[in-house]
Amino acid sequence: FSRGMYTKVTLLVALSRDPELLILDDPTLGLDTASRRDFMSGVVAAIREFERTVVFSTHIIPEIEGLVDYVGVMVDGKLQIEEQLDTLKESCFEVRLPAAASVRLPEFADVILRSENNNELVLVVRGCKASITAQLDAAGIIPLDVAPLNLEDIFLALTQSATA
């Protein structure tokens with residue numbers, strides 16, 4: 001078997017045992033793009049058909065973003081965050097500000113990551129977008145951008161902040 005065929009057969013064998021919980025650890029590691037996509041389509045079909053819980057442990061974040069409902073991020077063996085994916089994505093924003101704004105920056109309740117590059121201050125902040133922009137407005141700061149983040153960007157911010 002090719003690596004892709006072997007991976008598919010492994011999934012079928014695991015599902016044939018009718019498990020209540022299926023744990024997949026980097027299931028598409030080493031597969032080419034077409035095989036990864038085909039494998040993940042098979043996983044989605046299996047989830048729908050068998051109505052089972054599947055836990056993914058993976059470093060290929062974009063691949064699972066459209067599949068999962070609930071997310072947990074572990075860094076150095078510690079659970080950094082766990083919650084519904086939609087809730088997480090609706091509460092994480094990248095706030096780009098002029099670097100000079102750092103002197104009058106408001107105290108945000110939950111700053112995940114702070115960095116500076118190219119005369120910009122970049123914050124990854126958890127909270128309500130309206131509240132974030134209201135706090136900036138009250139401080140007299142006009143943001144360059146306040147943008148939502150995808151799961152991979154949230155993951156990177158969490159892992160970078162944990163190692164900083």
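Leaving aside its neighbours within four places in sequence, with which residues is Ala 147 in contact? In this predicted model, local features need pLDDT of at least 70 and side-chain atom pairs count only at pLDDT 80 or more, whereas totals for chains, interfaces and linings use all residues. Residues are numbered from 1 along each chain as its sequence is written, and side-chain values use heavy atoms, with hydrogens and water left out.

Ala 147 is in contact (heavy atoms within 4.5 Å) with Cys 92, Phe 93 and Glu 94, its neighbours within four places in sequence being left aside. Its place is in strand S8, residues 145-148; strands (E, at least two residues) and helices (H or I, at least four) are DSSP runs numbered from the N terminus. The C-alpha atoms of Ala 147 and Glu 94 are 5.3 Å apart, although 53 residues separate the two in sequence. With a relative accessible area of 19%, Ala 147 is buried (under 20%, with exposed over 50% and partly exposed in between, for a 1.4 Å probe and protein chains only).

Cys 92, one of the contacts of Ala 147, is likewise buried, at 0% relative accessibility. The structure holds zero disulfides (pairs of cysteine sulfur atoms within 2.5 Å). The cysteine sulfur closest to that of Cys 128 belongs to Cys 92 and is 13 Å away, too far for a bond. Cys 128 is partly exposed, with a relative accessible area of 47%.

Beyond its neighbours within four places in sequence, Leu 88 is in contact with Val 71, Ile 81, Glu 83, Arg 126, Leu 151 and Ile 154.

The largest pocket is lined by 25 residues, with Phe 56, Ile 64, Tyr 70, Val 71 and Gly 72 nearest its centre. A pocket is an open set of points on a 1 Å grid over the protein atoms alone, where a 1.4 Å probe fits, with protein on both sides within 12 Å along at least five of seven lines; lining residues have an atom within 4 Å of a point. Among the elements giving two or more residues to this lining are helix H2 (33-50), strand S3 (70-75) and helix H6 (151-163).
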